[in-house]
Amino acid sequence: MDGTIDPGAHVAPGAQVADDVSIAPGAVIHDGARVGSGARIGSGAVIHAGTEIGERCIVEDGAILGKRPRLRAGSSAARAEIGSLVLEPEVTVCCGAVVYAGAHVASGVIIGDQSQVREGATIGAESVVGRASSIDFGARVGARVLIQTGVYVTAGSVVEDDVFLGPGVLTTNDHTMGRHPRAEGLQGPTFRRACRIGGGAVLVPGVVIGEEAFVAAGAVVTRDVGAREVVMGVPARVVRHVPDDDLIERWR
């Protein structure tokens, strides 16, 4: 089926757009961008140079793809080399989301309205990034991860497969709050496979949440949480363990 390019859209001569792509009014596709077969680009969306959009992707109204970061002098993010943004097939980028150059988004991912995915971040297949959430530079998110509304995944975080991050979860990566040598790396939390973090929980830099662990809503996690431990409170303390019949294999 042939696509439709609205007369109000701008497709630069150097952009590579498959014949069956649909492009709505006001969309802008810059030179060097590539848009695969069956993709749909919404009104006012902007696709910057070098962006690669896979087959059957949906880019909703007002989304910005391939933005280059604007960084302050001395920013930790400035050390990263920035490549092209890649969206694998069947990714949906919802209204007003911003996905930076250098990110890699695997197939079937949904990036919610007004969300931000920074340069160097990776998101695994079939994961969901909820509305107004932020995946910071260099963060690694696995497959089938569910990130709810308003979550901040800080730079240096590792989120393994099947993790659940509840609404408003906040992660941090710098004990000194900026008062450290420039060469000193940041330490985001690590979330092991299938752990679950309740709404509004706060995690300090470098903590490790074990496989299938459970962090209750509103907890402040100041130390590592072991596999299958259930923690709650401020600071978070172990209260019990996750039973066998609550493991993820039972609920797939």
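A salt bridge, as the term is used here, is a side-chain nitrogen of Lys or Arg lying within 4 Å of a carboxyl oxygen of Asp or Glu. By that criterion, Arg144, Asp161, Asp162 and Arg252 are linked in a network of salt bridges in this predicted model, and a search of the whole structure finds 13 salt bridges.

In general, strands of a sheet pair through backbone hydrogen bonds.

Returning to the charged side chains, Glu119 forms a salt bridge with Arg118, in which the closest N and O atoms are 2.8 Å apart, and both Glu119 and Arg118 are buried. The side chains of Glu55 and Arg56 also meet in a salt bridge, at 3.1 Å from N to O; here Glu55 is partly exposed because its relative accessible area is 38%, and Arg56, with 42%, is likewise partly exposed.

A further salt bridge brings together the side chains of Glu211 and Arg193, at 2.9 Å from N to O. This pair links distant parts of the chain, 18 residues apart, since Glu211 lies in the loop between E29 and strand E30 (214-215), whereas Arg193 lies in the loop between strand E26 (190-191) and strand E27 (196-197). Glu211 counts as partly exposed, its relative accessibility being 36%.

Definitions and conventions
Residues numbered from 1 in each chain as written. Predicted model: local features only at pLDDT ≥ 70, side-chain atom pairs only at ≥ 80, totals over all residues. Heavy atoms only, no water. Buried < 20%, exposed > 50% of the residue type's maximum accessible area, 1.4 Å probe, protein only. Helix = DSSP H or I, 4+ residues; strand = E, 2+ residues; numbered from the N terminus.
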